[in-house]
Amino acid sequence: MPPTTWLAALLGTVGAGLGLSVGLVFNVRLAQHAGHPVLASLVNFLVAFVLTSVLALLGILGMAHLPTHAPLWAFGGGLVGATYVTLTLFTARALGVAASTAGVTLGQILGARLIDALGLLGQQVRPVGSAAVIGVVLLFLAVGVLAHERVRVSP
Amino acid sequence: MALHPLLPVAVLVGTLLPVQFALNSALTGFTHSPAATASVSYGVGLLALVLGLALVHRGRIPLRRLHGAPGWSFLGGVVGSAYVIGSVVLTRLLGTGLAVSLVIAAQIVAGLALDHFGAFGTVRRPMNRTRTLALVLVLAALGLQVL
């Protein structure tokens, strides 16, 4: 990969990882106050919508085009995202955070590799090699180890 | 850990995340801007949440419950935006598989760091042998997938 690709990937990873984990801390605090996690998600989506709209209008990260020719299904990302956020709240409640996190992570990893292997949803086909398979198993083990530790320290 | 009958449901819910990555990545082919994709994505999600909440609460979304929460706790979306934008950039560069792995790994590392320092008023949970093992597993997992 060229150096600019590495840099973009690094920034993307840091942004996504910090955004998700730090954003969650903020959101959990608001959800505790409101006693209503989905209401906190609503605030989260509203603030993020306003901010990203401003960024798009300013042309930050590329001159934005109206996606007039995009197929309808391509607009489904936000719907899937909102469903995902809401459902994870329920699985966490039904299963406990540890088991829910482990199950959800397994689904994330399997789903992602399936999309790659078959080139679903407009993605290019990227075959899954054996090193990648061992890699995802180790990643899943890491989530399992942390989930298990969490159960032990907080009964 | 005994297997819970709802565990397969959690696995299915998890598959929604890479689907979101793929859909947003496809949309970026038309918006030419990860920020614009994030805006559309959050806008559609916002609409779905408003409709869902209005339905559950029979037209009266209980916004009053948010009253009095600390100001900073409303700003999760500012940090959260980086997540959708970052996931779009990663998926377009590397594909869904690697993008999802990188995001999970970054989340674990960030989570361990937040816990270690007890940042933003969270309970302090310093690194220990188990957590170091998890960190090593994450780094090995990434090494195997990137190389």
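A nonpolar core, as I use the term here, is a set of buried Ala, Val, Leu, Ile, Met, Phe, Trp, Tyr and Cys residues joined through side-chain atoms within 4.5 Å. Buried means under 20% relative accessible area, exposed over 50%, and partly exposed in between, with a 1.4 Å probe and protein chains only.

**Ground rules.** I am reading a predicted model, where local features need pLDDT of at least 70, side-chain atom pairs count only at pLDDT 80 or more, and totals for chains, interfaces and linings use all residues; side-chain values use heavy atoms, with hydrogens and water left out. Residues are numbered from 1 along each chain as its sequence is written, and chains are lettered from A and ligands numbered from 1 in the order in which they are written.

**Confidence.** Within chain B, helix α2 (residues 34-56) has the highest mean, 95, and α4(B) the lowest, 87. For the complex, the predictor gives an ipTM of 0.88 and a pTM of 0.88.

**Chain B overall.** I found five helices and zero strands, counting DSSP runs numbered from the N terminus (helices are H or I, at least four residues; strands are E, at least two). The radius of gyration of chain B is 19 Å, whereas a compact globule of 147 residues would be near 15 Å; the value is taken over C-alpha atoms, and the globule rule is 2.2 Å times the number of residues to the power 0.38. The C-alpha atoms fill a box of roughly 50 × 40 × 35 Å along the principal axes. Of the 147 residues of chain B, 49% count as buried.

**Where the chains meet.** Contact means heavy atoms within 4.5 Å. By that rule, 103 residues of chain B and 101 residues of chain A take part. The two chains bury about 8,600 Å² between them, 79% of it on carbon and sulfur atoms; buried area is the accessible area (1.4 Å probe) that two parts lose on being put together, summed over both. Leu23(B), Phe30(B) and Leu49(B) supply 7% of the area that chain B buries against chain A, more than any other three residues.

**The core.** The largest nonpolar core has 59 residues, and those touching the most other members are Leu139(A), Phe21(B), Tyr83(B), Leu90(B), Ile104(B) and Ile108(B). Helix α4 (residues 96-117) of chain B gives the largest share, nine residues. I followed Leu139(A) across: beyond four places in sequence, its contacts include Ile109(A), Ser101(B), Ile104(B), Ile108(B) and Gln145(B).

Ser41(A) sits in helix α2 (residues 37-57) of chain A and is buried at 3% relative accessible area. Setting aside neighbours within four places, Ser41(A) contacts Asn27(A), Val85(A), Leu89(A) and Leu49(B).

Gly23(A) belongs to helix α1 (residues 3-34) of chain A and is buried too, at 7%. Not counting residues up to four places away, Gly23(A) touches Leu18(A), Gly76(B) and Val79(B). Its C-alpha lies 8.6 Å from that of Asn44(A), 21 residues apart in sequence.

Thr37(B) lies in helix α2 of chain B, and I noted a relative accessible area of 0%, so Thr37(B) counts as buried. Its contacts beyond four places are Asn24(B), Leu27(B), Thr28(B), Thr31(B) and Val88(B).

Notes. pLDDT = per-residue confidence, 0-100.
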